[in-house]
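Please read them with the structure open.

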Amino acid sequence: MSALLAYGFLQRAFASGVLIAVACAVLGVFLVLRKDAMIGHGLSHIAFAGVALGLFLNVLPLGAALAVALGAAIAVMKLKDRAGLHGDTAIGIFSSLGMAVGILLASLARSFNVELMAYLFGDILAIEPLEVGLTVALAAAVLAAVRLNYGKLLYMTFDRESARAAGVKVGRLDTLLMVLTAVTIVLGMKVVGILLVAALIVIPAAAGLQVAKSFRGAVAASAAVAVFSVTAGLALSLALNVPASAAIVVLCFAAFAGSFLWKKGRGLRPPSE
Amino acid sequence: MDLIVLRGVSFRYDGTPVLVDIDLTIREGDFLAIIGPNGSGKTTMVKVILGLLPPSAGEVRLFGRTPAEFTDWGKIGYVPQKATHVDPFFPASVEEVVGMALMAGPRPGSPSGRDARARVREVLEHVGMGGSARTPIGRLSGGQQQRVFIARALVTSPRVLFLDEPTTGVDADNQASFYEILDRLNRDEGLTIVLITHDIGIVNKHVTSVACLNQRLSYHGSHAEFCRSDVFRDMVTRGDHLIAHEH
């Protein structure tokens with residue numbers, strides 16, 4: 001394994017995979033507790049249109065997906081506010097449109113189906129140096145934004161009304177969270193693919209929430225599960241010659257199942273009055 | 001000193017009047033009860049005061065400023081109506097819940113790091129929850145959670161504390177000790193307290209002034225005068241507010 005790690009493509013895969021895993025896990029805890037877990041699923045479908053557009057126009061697919069996902073994230077917020085729709089309805093509208101546009105572009109171009117498959121199912125081992133640079137910079141920016149706004153995000157997630165009364169600008173933070181999620185989804189689709197990226201947001205967070213006694217603990221446990229799943233999943237992929245994305249998601253689920261059983265074994269339940 | 005002033009404040013929701021032409025002044029050191037039946041606009045009035053809802057007409061002044069101009073929100077503590085309806089699986093420790101108020105925004109003189117942790121421990125001791133700092137909030141009883149939310153409202157050293165139906169879902173023993181804490185804060189530390197309630201028994205025992213609301217303010221004055229007023233007599237005759245409310 002140590003000899004394999006001397007290869008540049010593996011170093012790139014592990015470095016960017018770990019950073020993306022941490023960004024997904026940290027954001028995932030906020031999203032799951034806000035009952036916004038499906039936003040990741042919706043934005044990944046929207047990003048599919050961006051990837052197809054990038055391939056169609058022959059520009060960096062990751063960049064095109066980022067632009068489309070950011071635009072859609074803001075459009076979802078506006079549609080929620082102005083049309084009075086629930087969040088999942090707005091997400092449902094845009095995610096369906098994203099998939100439809102992606103399929104249309106793929107059918108029109110015909111020539112890039114293999115590349116599109118790499119984005120649908122993930123191909124972290126084929127990540128390019130330019131994509132690594134973009135990934136590291138964006139994942140670091142996501143984590144820095146969460147760190148800077150950690151207290152306000154926590155307050156808003158726990159008790160939105162009290163946070164507003166304390167002067168927290170919850171509308172701005174909602175938009176920030178959507179933008180950060182869009183960026184993280186686009187980064188994550190290189191690791192596990194468009195079809196599975198929501199798993200990297202939801203499952204480590206769900207596992208962390210099973211075992212944590214504090215919010216900080218939940219974030220740390222979620223990040224640990226995500227990093228373990230990505231690194232072990234990559235190792236399994238190399239050892240068994242199976243797709244890395246599937247191995248990563250299966251390991252995420254194994255960690256969740258383990259944490260669930262651990263909690264059940266300890267009989268942790270909230271008290272009744 | 002006048003901390004909060006409402007002049008001619010009205011609020012309409014989808015065209016329906018909820019508050020009509022409210023004039024109210026909250027002075028430093030008051031322990032004010034805002035009472036009224038369900039749907040009388042009590043919670044709405046507090047939300048208008050806190051800038052959570054914009055008034056349809058009239059003016060609100062917080063420490064001399066409008067809610068839009070006001071930035072020193074640490075001067076106002078707030079415990080909302082459903083504070084104790086906590087998601088039992090939310091993984092926040094008691095000290096994290098209290099510390100949230102310190103992290104809501106950079107404020108002049110606001111403690112951070114080790115000082116913030118010390119301040120959190122200090123207010124938790126103050127409300128008798130010092131031994132539960134690391135306990136997940138979802139594992140506490142309703143009464144214990146209510147003390148934690150009081151601590152969160154106090155951690156920024158506010159000048160005025162708003163509590164909206166604070167003892168809903170809290171048993172009688174815990175209610176008594178809860179009001180003892182409020183009495184101490186008001187009497188010994190001079191904290192101004194605004195309590196929304198429909199439990200007239202509480203009003204009789206603890207507060208110094210009363211405001212009766214049913215879209216309009218029908219009475220605002222001292223507790224002693226309130227007990228002699230026609231408003232009070234009518235309420236007792238009707239039995240409107242004598243039964244503890246269960247949500």
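Is the crossing of α1(A) and α9(A) left-handed or right-handed? It is left-handed. Keep in mind that this is a predicted model.

1. **α1 against α9 in chain A.** Start with the geometry of this pair. The axes of α1(A) and helix α9 (residues 170–192) of chain A approach within 9 Å and cross at roughly 140 degrees. That angle is why α1(A) is oblique to α9(A). On the α1(A) side, the contact uses Gly17(A), Ile20(A), Ala23(A), Cys24(A), Leu27(A), Phe30(A) and Leu31(A). The α9(A) side supplies Leu177(A), Leu180(A), Thr181(A), Thr184(A), Leu187(A), Gly188(A) and Val191(A). By class, the contact of α1(A) with α9(A) holds ten nonpolar residues, four polar ones and no charged ones.

2. **α3 against α9 in chain A.** Helix α9(A) has another partner here. Helix α3 (residues 61–83) of chain A packs on α9(A) at an angle of about 150 degrees, and the axes are 9 Å apart. The pair is therefore roughly antiparallel. Here α3(A) passes α9(A) in a right-handed crossing. From α3(A), the contact draws on Leu62(A), Ala65(A), Leu66(A), Ala69(A), Leu70(A), Ala73(A), Val76(A) and Met77(A). From α9(A), the contributors include Asp174(A), Met178(A), Ala182(A), Ile185(A), Val186(A) and Lys190(A). The residues of the contact of α3(A) with α9(A) split into 14 nonpolar, two polar and two charged.

3. **α11 against α12 in chain A.** Next, another helix pair. The axes of α11 (residues 215–240) and α12 (residues 244–266), both of chain A, come within 8 Å and cross at roughly 135 degrees. This makes α11(A) oblique to α12(A). The crossing of α11(A) past α12(A) is right-handed. In α11(A), the contact residues include Val225(A), Phe228(A), Ala232(A), Gly233(A) and Leu236(A). They meet Ala244(A), Ala247(A), Ile248(A), Leu251(A), Cys252(A) and Ala255(A) in α12(A). By class, the contact of α11(A) with α12(A) has twelve nonpolar, three polar and no charged residues.

4. **The largest nonpolar core.** Which residues touch the most other members of the largest nonpolar core? They are Ala47(A), Ala69(A) and Val186(A), in a core of 170 residues. Helix α1 (residues 8–33) of chain A gives the largest share of this core, 15 residues. Look at Ala47(A) in detail. Leaving out residues up to four places away in sequence, Ala47(A) touches Ala65(A), Val68(A), Ala69(A), Ile185(A), Val186(A), Met189(A) and Ile194(A). Among these, Ala65(A) and Ala69(A) belong to the α3(A) side of the contact with α9(A), and Ile185(A) and Val186(A) to the α9(A) side.

5. **Where chain A meets chain B.** Contacts between the chains involve 24 residues of chain A and 24 residues of chain B. On the chain A side, the elements that give two or more residues are α7 (150–158), α8 (160–165) and α11. By class, that side has 14 nonpolar, five polar and five charged residues.

6. **Chain B overall.** Chain B has eight helices and nine strands. Of its 247 residues, 46% are buried. Take the contacts in chain B with a separation of 6 or more. Residues 24 or more positions apart account for 69% of them.

7. **Ile150 of chain B.** Is Ile150(B) buried or exposed? Ile150(B) counts as buried because 25 C-beta neighbours lie inside 10 Å. Its place is in helix α4 (residues 142–154) of chain B. Setting aside neighbours within four places in sequence, Ile150(B) is in contact with Val79(B), Val127(B) and Ile181(B). Ile150(B) and Thr192(B) are 42 residues apart in sequence, with 14 Å between their C-alpha atoms.

8. **Pro55 of chain B.** Pro55(B) sits in the loop between α1 (42–49) and β4 (57–62) of chain B. Pro55(B) is buried, because 22 other C-beta atoms lie within 10 Å. Not counting residues up to four places away in sequence, Pro55(B) touches Val9(B), Ser10(B), Phe11(B), Val48(B) and Val60(B). Pro55(B) and Gly8(B) are 47 residues apart in sequence and 9.7 Å apart in space, C-alpha to C-alpha.

How values were computed: Residues are numbered from 1 along each chain as its sequence is written. Chains are lettered from A and ligands numbered from 1 in the order in which they are written. This is a predicted model: local features need pLDDT of at least 70, side-chain atom pairs count only at pLDDT 80 or more; totals for chains, interfaces and linings use all residues. Axes are lines fitted to C-alpha atoms, for helices over the stretch in contact, and angles run from 0 to 180 degrees between N-to-C directions. Helices (H or I, at least four residues) and strands (E, at least two) are DSSP runs, numbered from the N terminus. Angles under 35 degrees count as roughly parallel, over 145 as roughly antiparallel, 65 to 115 as roughly perpendicular and the rest as oblique. A crossing is left-handed if the near helix is turned anticlockwise from the far one by less than a right angle, and right-handed if clockwise. Two residues are in contact if their C-beta atoms, placed from the backbone, lie within 7 Å. Ala, Val, Leu, Ile, Met, Phe, Trp, Tyr, Cys and Pro count as nonpolar, Asp, Glu, Lys and Arg as charged, and the others, Gly among them, as polar. A residue is buried if 20 or more other C-beta atoms lie within 10 Å of its own, exposed if 12 or fewer, and partly exposed in between; C-beta atoms are placed from the backbone. A nonpolar core is a set of buried Ala, Val, Leu, Ile, Met, Phe, Trp, Tyr and Cys residues joined through C-beta atoms within 7 Å.
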